[in-house]
Amino acid sequence: MNCYIYSSEYFKLECDGLVVRKTFFYIGMFFRSFKQCLRYNINIYAFSKRRFYLTNILFENADKKYNEHQYGNFKRKNIGVSKNDSVFESNNLDNSIAFVPISSIKQYLLRNGMLFTEGHSCISIKCPICENGESHMYINKVSGFFICSNCQKSGPWNLLELFLSNPKHYLAELPLDQTMDYGKRCWESVKDNLQPVNEAVFNFPHFKDWKRLLLEYLQKLNVRIYPEEKTVYFPLTHGRNVVGFKKLNCDLTEETFPDKSAKGIIQLKRDYDTAVIVANIKDFLTLLTYPLESDVICLPNGQQSLPQDILPLFETYQKLILWFDNDVVSWGNVKMFAKKLSESRCHFIRPLDNQPAAYESMMFGYDIASIIENAQRISHSSIVTFATLREDVLAEICNADKVSGVKWERFPVLNSILKGHRRGELTILTGPTGSGKTTLMSEYSLDLAMNKVTTLWGSFEIRNQRLAKTMLTQMFLEPLEKNINKFNEWADKFERLPVYFMTFHGQQPLDVVMEAVEHATYVHDVAHVIIDNVQFMLGMSSSESGFLDRFYRQDALIARFRNFATTHNCHVTLVIHPRKEREAEELTANSIFGGAKAAQEADNILIIQHRKSHTTLRIKKFLQVAKNRFSGDLGIMPLEFDKESLSFRSKKG
Ligand SMILES: Nc1ncnc2c1ncn2[C@@H]1O[C@H](COP(=O)(O)OP(=O)(O)OP(=O)(O)O)[C@@H](O)[C@H]1O
């Protein structure tokens with residue numbers, strides 16, 4: 001029997017001609033233990049470099065025999081899986097997929113005499129799978145991820161390399177993109193109940209603003225309508241394939257299928273070499289009503305993510321203009337997307353008051369054509385002059401309240417002190433042992449995730465399912481144990497949040513963690529990374545030399561994350577234990593374990609403090625903002641803990 005493992009999402013099992021393709025959850029059900037694998041004489045073929053969490057089987061050191069594509073040398077480590085694991089499985093990151101340098105991919109192609117074309121974010125080869133001889137397979141220059149819009153085969157480079165080495169043997173191993181396939185089925189299931197778009201759409205009340213829009217454009221986009229509900233359906237395409245759709249409701253809100261993970265775009269192709277990219281249908285339709293000399297593209301998941309799968313769809317454009325909202329969050333997202341799309345061809349509309357998103361600009365009567373004409377190039381040099389910065393400075397002055405960042409719903413006091421949560425910053429949270437650091441960070445990040453901040457959790461101390469259970473309880477503010485009948489409903493809602501969990505636990509090498517963090521930031525557009533906690537990630541050591549070594553390694557970790565936050569424009573929160581924990585003394589910014597580096601490098605320092613009330617003798621907890629580089633404001637937020645809901649939510653808020 002053979003078991004082929006490609007990633008934590010996908011494996012194939014062959015047994016006497018019978019082929020089973022399922023996810024890891026199921027393979028865990030087949031083989032409860034590693035010993036059973038041996039008993040059944042299963043050959044394991046693993047195609048990913050690092051390690052595999054196979055429900056309760058962990059294959060280690062897989063890369064040692066990587067070139068032979070077969071690993072007999074693995075150890076079992078029981079990582080004790082409970083049933084709940086499967087619920088959050090889709091949000092668990094696959095730490096096993098590593099980036100492959102583009103130079104080695106090019107060398108491989110050259111060695112094998114394969115012609116490739118260098119594009120902006122991908123290199124392309126003739127698709128080795130499609131037989132029509134016209135389709136292109138795109139290989140991402142950062143991650144090595146490959147995809148063909150025609151046959152919809154996609155996956156990590158290792159898999160393509162394997163296929164190219166022996167196409168006949170490995171053809172069946174190449175997976176079809178599951179999300180695209182699902183999206184296609186979603187569209188097919190609704191399509192027949194809808195009417196092809198016709199003049200009636202202009203009688204829908206919410207379409208009155210787009211009266212000048214040509215019906216011909218909507219027909220070209222294969223738009224459909226449901227007149228009874230006055231809803232309009234836009235297929236999302238990837239090449240010639242429909243891979244999902246967006247639904248525009250009467251109140252101008254929109255829904256996307258598949259939610260959060262759609263991998264297609266809405267694109268009116270007019271063969272210009274410039275495209276204006278917007279985040280929603282309102283803005284898309286607005287731009288179609290103007291005679292612009294550019295194509296217009298609507299992204300699938302708004303500003304939340306730019307999946308690497310759709311990058312090939314932008315390859316033909318020499319100039320891309322990104323036009324999102326005029327607030328600081330959108331601005332950060334523009335810069336992040338531009339990195340993926342290749343900054344050298346990206347321009348953006350400055351987030352000024354008189355340049356809101358396209359629909360709003362139209363409603364205010366602003367000159368859309370001249371706003372687009374004045375789009376600025378995104379600078380990508382590491383050295384800038386004031387001339388480059390002046391527009392940013394002006395934007396910051398004009399948007400004083402908007403540059404503050406994403407606001408917390410549950411912690412209004414934090415909003416007034418920190419002025420919101422911004423990309424590119426480093427926050428350190430500390431507090432005595434057991435004071436509630438993890439519990440607070442869980443709710444703090446949940447609140448942001450509910451406001452669309454894509455979050456990556458590295459929980460090195462507590463297991464992901466416990467953390468997810470805390471977050472789920474905090475989301476619904478009721479104990480799960482007493483509401484088990486509501487579990488599925490809540491879990492479904494939770495699953496829709498943009499939260500990812502690294503599957504690391506306990507001590508991990510910094511390089512391995514950074515690789516996973518960078519990978520996830522690129523692939524999922526992560527805006528907030530949490531490391532809980534630094535001491536657990538670095539490992540404990542009580543000897544004196546071990547102690548010094550930990551100082552040194554912690555400084556290295558802080559430096560790496562500081563650099564990561566700045567270069568990737570991503571917020572990083574590090575949970576760190578304090579150095580001194582004498583009960584009577586309150587902690588200060590200097591109490592953070594390690595040298596002074598942590599306090600120096602951090603933009604924000606948050607400390608959970610205890611204070612005994614002299615009158616009631618009750619211990620009161622509060623969160624102290626001990627450093628705030630953005631506005632300089634310091635202060636405290638009382639922490640009132642509700643044991644049932646595990647929440648610190650401000651009651652007044
Ligand atoms: N303010 C509070 N009052 C009472 N119990 C609390 C409070 N905050 C958290 N807890 C509870 O205390 C326990 C420990 O909390 P948590 O793990 O968040 O602390 P921590 O500071 O992260 O711990 P450690 O120092 O071990 O990392 C949890 O069971 C949590 O529900």
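1. N533 sits in the loop that runs between strand 26 (528–532) and helix 18 (534–538). Helices (H or I, at least four residues) and strands (E, at least two) are DSSP runs, numbered from the N terminus. The bond that joins D532 to N533 is a cis peptide bond, with omega about -10°.

2. Before going on, a word on the basis: this is a predicted model, where local features need pLDDT of at least 70 and side-chain atom pairs count only at pLDDT 80 or more, while totals for chains, interfaces and linings use all residues. Residues are numbered from 1 along each chain as its sequence is written, and side-chain values use heavy atoms, with hydrogens and water left out.

3. Another cis peptide bond runs from F257 to P258, with omega near -5°. P258 belongs to the loop between strand 16 (254–257) and strand 17.

4. Do have a look at the ligand. It is surrounded by 15 residues, and the closest are G434, K437, T438, T439 and H577; a residue is counted as near if one of its heavy atoms lies within 4 Å. Helix 14 (residues 437–450) gives the largest share of this shell, three residues. By class, the shell holds four nonpolar, eight polar and three charged residues. In this scheme Ala, Val, Leu, Ile, Met, Phe, Trp, Tyr, Cys and Pro count as nonpolar, Asp, Glu, Lys and Arg as charged, and the others, Gly among them, as polar.

5. Some atom pairs at the ligand are worth checking on screen. An N or O atom in the side chain of T439 is 2.4 Å from a ligand oxygen atom, and a backbone N or O atom of G436 lies 3.1 Å from an oxygen atom of the ligand. For K621, a polar side-chain atom is 3.3 Å from a nitrogen atom of the ligand. On its own the ligand has 640 Å² of accessible area, of which the protein covers 71%; such areas come from the Shrake-Rupley method with a 1.4 Å probe.

6. T470 is placed in helix 15 (residues 464–476). T470 counts as buried because its relative accessible area is 14%; buried means under 20%, exposed over 50%, and partly exposed in between (1.4 Å probe, protein chains only). Leaving aside neighbours within four places in sequence, T470 is in contact (heavy atoms within 4.5 Å) with T439, S442 and L646.

7. Now the nonpolar cores, each a set of buried Ala, Val, Leu, Ile, Met, Phe, Trp, Tyr and Cys residues joined through side-chain atoms within 4.5 Å. The largest has 41 residues, and F207, L218, L285, L287 and W323 have the most contacts inside it. Helix 8 gives the most to this core, with five residues. Beyond its neighbours within four places in sequence, L285 is in contact with F207, W210, L213, L218, F234 and L248. A second, separate core of 40 residues includes Y444, W457, F487 and F501.

8. Finally, two backbone angles. D271, in the loop between strand 17 and strand 18, has phi near 60°, a positive value in a residue other than glycine. D271 is classed as exposed because its relative accessible area is 68%. K419, in the loop between helix 13 (412–418) and strand 23 (426–430), has a positive phi too, near 65°. With a relative accessible area of 24%, K419 is partly exposed.

Technical notes
A polar contact is a pair of N or O atoms within 3.5 Å; within protein, one must be able to donate a hydrogen and the other to accept it, and residues adjacent in sequence count only if both atoms are side-chain atoms.
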